[in-house]
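Here are my notes for you on this one. Have a look at the picture first, then read on.

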Amino acid sequence: MRTILRLAGIGFGVLLGMMSQSAIARDLLVTAAKPDKLYVIDAKARKIVGDFHIAGANNHITTVVPSPDGKVAYVLVNRMETIVGIQLKTGREVFRANLSSPGERVKDFFAFTVTPNGKELIAYELPTRLGSSEYQVEEPRFVVFNTKGGTHAKPIRTFPAPRRIGVMLARPNGRSFYAIGFDLYEYNLKTGALMGSRGVMNWQQPAHGQPDLLAFWPVTEPSGAFSSPIYSEIQKDGAGDAVTALMTLDLKTGDLTYRDFEQTTALIFSTVLAPDRKFAYGTYTTLTKVDVAAGKLAKRVNNDHTYYSINIASDGSEVYAGGAMCDIAIYDAGTLDKKGDIELPGCADQALATLRVVHSR
Amino acid sequence: MIKSRIGLIAAASLAFMMPAISLAEVELVRAYCSGCHHESSPGQFDRISAVRKTPEGWTMTLFRMHQVHGLNLPEDVRDQIVHHLSDAQGLAPSEAATGRFALERRPNVKDIDLGAETNAMCGRCHSIARSALQRRDADEWLKLAHMHLGQWPSLEYQASSRDRPWWTIASTQMPSQLAAQWGLSSVAWTQWKNTPHRSLEGRWVLTSHAAGGLDYYGTMTVKKEPDGSYRAQYELHDSAGSVVHGTSHALVYTGYEWRGTADFDGFPVREVYATNEDGSRLSGRWFDANHPEAGGDTVAIREETSTTILAVSPRALKVGYVGPVTLVGTGLDRSNVATFGPGISVGRVVHGSGTMTVDVRVEDTADVGAHTVTAGAATSTVSVYRRIDSLSISPEFAIARLGGGKTPSVSAQFEALGSIRLPDGTLFPIGPVAATWSTAPFDEEAKKQDDVRFAGSVDEHGQFHPAGAGPNKEREFSGNNVGNLKVIASATESEGAKADAHLIVTVQRWNNTPIY
């Protein structure tokens, strides 16, 4: 009963907020947390405006992908076997795709994306056939869902996929999507045809060793480009010096860049580009600011604790660090001074959840 | 889905087969396992019959069947199935030898080295010893690879895996490679399986050493129970002179694998011992039931063995020493005379159970180094020294783990080993010596992070006790109490003899499996 009242109160709060600021665009932070939570936070007000339950999350939440219109957040839950769409205003479940079926267990390792028109959701599937006394690892595939498929959505198209994909990104042209794994692949959205691949592991950077990319946070807002730290070594006198580069991928133009910005002195899990792409911000134990054009570390401050997932205000004024634990830290994007903290109710654990910024009216 | 199906089968089997506990052990496999593991020909069950493992290996398999597939076995049925499979499809002593350290749960042991690729493919998640303690043909190793990736899909994404086509290597190259090394059939196993194994009943003389602690010696009286298990009664002394009583209840698998649950004056202990092939010698490691990293080594021989000196305590005598030396062994009561070489005079001799204690005086004229000890026809050695010239620490590199919640800490035990310089200039090891212990930062970063303050402390016996786990707001980034330390020993008797070892204090290991 108390829960219902609390949720009703939040709903009322959202309604009030919408009435008073109906014409003003604002940033909503969207994050998920164990055991089964989706949170919507008014960034400027530093206030939780949505506290929603995701049915069947099974104490496991990871990737969060907002719909292009900012009305729905799709969340990968249930030990990577279920994608659920939740309406950000109401918390109502509007989409559910159970990837597994009797006799076949399917895991989606973090990777899915939504087309720019919001009509289709493309997921990555790692299937295993469950026999009576043995498992059979099957070939990976991409599956396409109609986002209007409801709460028992079934794939409308299926294509073969490479192994070890971790990030998928729909291109704004509406015709293709990127998948990042061993390399950067581009696929035709309608036919599933491989349109091309470019080096990630095979990046061919002069004097650099094989790079290491561990990217699970498909953040492209607000710049329209994906970015990630990528690590390698520069061979010198028989020994390797670890270097950190920034990888950027412009979804519109397809431009892919790798640029070293420091000899590795701190680990970074995820990065985000500022709206003007002049700076990138990264997080793990530190908050790192990278001068993109100069390829230099601009500034670094210690975080109070580990944060996995980073994002930035639509106007580039402040940086948000989430994931790993139960709060979102807010920093001034210019000075990296800490401006505040938003703690999730009951100190809910965000773990590997993606922190997203939805610019909403 | 499969879980509920197996659960149903298991429940149905349980209801139907309750009396099966009294049936032959293969009947238990039929009753509890054949619902999923099809019996393709009498006594041949899919997957199960294509594998050989140690008792711990079979225990882990049944744990997984329970945890992942919902199989609920009554405890006694589980024990009988493990026993049956270990006897019918186990490893010969020579086959288990290379991975024994893992069965014995020895801490800080360097794993088997199969080369960089195999070490990364398998050994980055579990010990290579875990693989070395199994036997399968290529098709079955391939099925194991399918199980791995099907059960743990993150495998392909982890460090030392995402840098290579893990699944391609695992599914094409590894099965034949592993089968060539550890195939299902072997001459050793055929011979061992067809050899009658000697009962372990009788009296044994044993000696044991706990690193950083005391030596123990005395007798072990073993009796066989009607159910085939063994009960052991221990009458021991420690090197400080105290009497220690113990009892153990042991199951012996595959004719040689002794697994004892013991109690020594209220202290719970587990024993992982093995006999040699003719059953005349029993050896292995015992450990604290709650802290497997803390334990000692035992060697026991049958009392009827011809005169043998198993151990000399103390192992090293300082010039000027006047006092008792205890010889531990068999047949020592047949002799009233012991000799210790030139410069060591011998006095009163007292016989005990499995011991012969001799009063000695180490004269100033005694040479430093090894002295031959004789008692009847048996010989051994004792070391004589004036001062400890050099110190080393064993192990040179160790890992300790923070503890907290339901996961206990993992301590690290160090031991100071002394050496003396012989007249010819060479160093001669004299074994464990008393030391004072301290810690220091291993490098500049450890100094900056004040690891010495946060990570834990080393006690007067050389045992490092890690701190509690979890974010610590006093540390940078609210970091865990991890640390990178030097553990320093200074010989108590000889100022200046110092050594240091490297200790990493790291996070918990969450799944503490019987074979690491």
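How many residue pairs are in polar contact between chain A and chain B?

1. The count is 13 residue pairs, both residues at pLDDT 80 or more. A polar contact is a pair of N or O atoms within 3.5 Å; within protein, one must be able to donate a hydrogen and the other to accept it, and sequence neighbours count only if both atoms are side-chain atoms.

2. Some housekeeping: this is a predicted model, where local features need pLDDT of at least 70 and side-chain atom pairs count only at pLDDT 80 or more, while totals for chains, interfaces and linings use all residues. Residues are numbered from 1 along each chain as written, chains are lettered from A in the order written, and side-chain values use heavy atoms, leaving out hydrogens and water.

3. On to the interface: 34 residues of chain A are in contact (heavy atoms within 4.5 Å) with 28 residues of chain B.

4. There are three salt bridges between chain A and chain B. The term means a side-chain nitrogen of Lys or Arg within 4 Å of a carboxyl oxygen of Asp or Glu. A:Asp212 pairs up with B:Arg162 in a salt bridge, with the closest N and O atoms 2.5 Å apart.

5. Strand 10 (120–130) of chain A is one of the strands that each supply at least two residues to the side touching chain B. Strand 10 gives the most, with four residues. Strands here are DSSP runs (E, at least two residues), numbered from the N terminus.
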